[in-house]
Amino acid sequence: QERCPPNLPVKVRVSYQKLLKCNILNELHSKKPKSRARKSLFKSLANTKFFQTTEIDWVEAGLQVCRQGHNMLNLLIERKKLDYLHLDYNFNLKPIKTLTTKE
């Protein structure tokens with residue numbers, strides 16, 4: 001029913017109009033749900049090259065992560081031209097030479 005009955009007080013009719021307006025705006029701005037077959041997220045991720053399943057233990061995985069982090073930090077040091085710093089495998093930065101005031 002679009003219109004409020006005229007025998008109601010003005011206050012009720014105004015609130016009825018406001019409710020109707022909000023309801024129509026919500027209907028206009030709401031998107032209808034798309035009807036598509038739901039794919040499993042894990043299956044779709046497993047098909048990409050970034051997510052692969054493997055059978056390694058946690059120690060090996062931890063070693064790979066540490067090695068990748070070390071390589072990444074070394075590349076960052078090279079890119080920033082910080083050739084006077086050495087990153088050892090314990091992730092300690094040590095100076096190779098004493099720095100002058102210009103460096």
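Reader: Is Ile 24 buried or exposed, or partly exposed?
Author: Ile 24 is partly exposed, as its relative accessible area is 46%. Buried means under 20% relative accessible area, exposed over 50%, and partly exposed in between, with a 1.4 Å probe and protein chains only. This is a predicted model, in which local features need pLDDT of at least 70, side-chain atom pairs count only at pLDDT 80 or more, and totals for chains, interfaces and linings use all residues. Residues are numbered from 1 along each chain as its sequence is written, and side-chain values use heavy atoms, with hydrogens and water left out.

Reader: Where is Ile 24 found?
Author: Ile 24 belongs to helix 1, residues 10–29 (a DSSP run of H or I, at least four residues, numbered from the N terminus).

Reader: Moving on, how many salt bridges does the structure hold?
Author: The structure holds one, meaning a side-chain nitrogen of Lys or Arg within 4 Å of a carboxyl oxygen of Asp or Glu.

Reader: Which residue forms a salt bridge with Lys 94?
Author: Asp 88 does, and the closest N and O atoms are 3.8 Å apart.

Reader: Is Asp 88 buried or exposed?
Author: Asp 88 is buried, with a relative accessible area of 15%. Lys 94, in turn, is partly exposed at 45% relative accessibility.

Note on methods: Helices (H or I, at least four residues) and strands (E, at least two) are DSSP runs, numbered from the N terminus.
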